[in-house]
Amino acid sequence: MPFVRVKTSSGNIKFHYNISTPDLDVADKIDPAVPVLLWFHSLAFPHVFHSQFADPLLRKFNLVAFDFRSHGDTEGDDLPEGYGIREAEEDALAFMDALRLPPCHFIAMDYGSPVALQIAISHPERVLSLFFISQTCLEEPPEVREGHQQVYDCWNAAFPGPHEYDNERMMEGGYGFAQFMFSNNMTKMADALFKISFGLSQKHWGYNGLKNYRIATLEFLLNRKSQPESALARIRCPVKLVYGTEDVAYPQEYNEEFQRQLENAGVDVSLLVVPGAPHFASVEYADQVDPVLHDFVLQNDTRKPNPISNTSLESPWDGALRSVGFYEGVDADDDSDEDNFVVSYPSSRT
């Protein structure tokens, strides 16, 4: 399991990361001859890009993913009070420097998108393109803030003391959040990803981790501000936005507003709308998202890698998926039989 240690102004970090190359599912270093795609994951789901890392179309590139602080297998100091986008940006840049990554194509989902955006603003020379899946770069809508607060309250109440926990409360918060991400359609893949995430969340955000939970989730999300036009104008690369029409919390207008702001700042931006896709649009709809990403990278890079002939590729998270009972041969449309705990994010649609 690869790690790299860095030190930033907000603490010491032991970043967990994965590199997949055209030749190796799990590599020690990138192939310098082909483009590098750097992946910024969503809240609580560092393994959300499994479908992309197993796709031969995208494996012609270097695929590099890292776990944010208080997520996945990344370890380090507790998060300081006030930790936010700028601190996460500094951490991500330190990770890039530690691996000596060249300028990259950034792919970011949800929680990771404002961090990737901040790097493109502050260090535009590090970013060749921005591909945002279900971006959350604007301030949270009131309805979504309410949902995040509800999930936070459920999880926080599950740990009344250092040796006490309420498993039903944990499931209510954790599974409710997963249903939000997958628009209440918990397929076999969605359920497997949730099971992995649930175990990692218990590791990071038990009673002794509740401060990190508050800072990394609720405050990180609710304190986020939209970037001013003067900041967006510093972006030098093209931007692609991806939105799923079944996103239960963020309406299409949320992405269209961000698109307008980027256009007003002079940024080359376009929007892909994926019918039927949930907030985690690229998990079950990889067949629609991945080809667009592939072409977008090639349009913005002079290097033209060769196709991959090996179709038996695995992602770095295949072992974790097997450990929770998921197999690629199952029907991805088969509903999960998990207990149906629901935390409702009030709809922002009219």
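Trainee: With which residue does D191 form a salt bridge?

Mentor: Side chains of opposite charge can pair when their charged atoms come close. In this predicted model, D191 forms a salt bridge (a side-chain nitrogen of Lys or Arg within 4 Å of a carboxyl oxygen of Asp or Glu) with K195, and the closest N and O atoms are 3.3 Å apart. Residues are numbered from 1 along each chain as its sequence is written. Local features need pLDDT of at least 70 and side-chain atom pairs pLDDT 80 or more, totals for chains, interfaces and linings use all residues, and side-chain values use heavy atoms, without hydrogens or water.

Trainee: Where do D191 and K195 lie?

Mentor: Both are in helix α6, four residues apart, about one turn of the helix. Helices (H or I, at least four residues) and strands (E, at least two) are DSSP runs, numbered from the N terminus. D191 is buried at a relative accessible area of 6%, whereas K195 is partly exposed at 36%. Salt bridges with shared partners also join E81, R214 and E219 into one network. For accessibility, buried means under 20% relative accessible area, exposed over 50%, and partly exposed in between, with a 1.4 Å probe and protein chains only.

Trainee: How many salt bridges does a search of the whole structure find?

Mentor: The search finds 13 salt bridges. One of them pairs D25 with R59, the closest N and O atoms being 2.9 Å apart. This pair links distant parts of the chain, 34 residues apart: D25 is in the loop between β2 (11–20) and β3 (36–40), and R59 is in the loop between α1 (50–53) and β4 (62–66). D25 is partly exposed, with a relative accessible area of 26%, while R59 is buried at 0%.

Trainee: Which parts of the chain does the pair D97 and R126 link?

Mentor: D97 forms a salt bridge with R126, again with a closest N and O separation of 2.9 Å. D97 is in helix α2 (residues 85–98) and R126 in the loop between α3 (113–122) and β7 (127–135), 29 residues apart. D97 is partly exposed at 45% relative accessible area, but R126 counts as buried at 16%.

Trainee: How many cavities of 30 Å³ or more does the structure hold?

Mentor: Rolling a probe the size of a water molecule over the atoms shows where empty space is left. A cavity is a set of points, on a 1 Å grid over the protein atoms alone, where a 1.4 Å probe fits but cannot get out; lining residues have an atom within 4 Å of a point. The structure holds three cavities of 30 Å³ or more. Of its 20 lining residues, A44, V151, F177, W205 and Y213 are the closest to its centre. Helices α4 (142–157), α5 (167–181), α6 (188–204) and α7 (210–222) each supply at least two residues of that lining.

Trainee: Which residues line the second largest cavity?

Mentor: F68, R69, L79, Y83, A88, Y111 and F220 line this cavity, whose volume is about 50 Å³.

Technical notes: On a 1 Å grid over the protein atoms alone, a cavity is a set of points where a 1.4 Å probe fits but cannot get out, and a pocket is an open set with protein on both sides within 12 Å along at least five of seven lines; lining residues have an atom within 4 Å of a point. Grid points are joined across faces, edges and corners, and a volume is the space filled by probe spheres set on the points.
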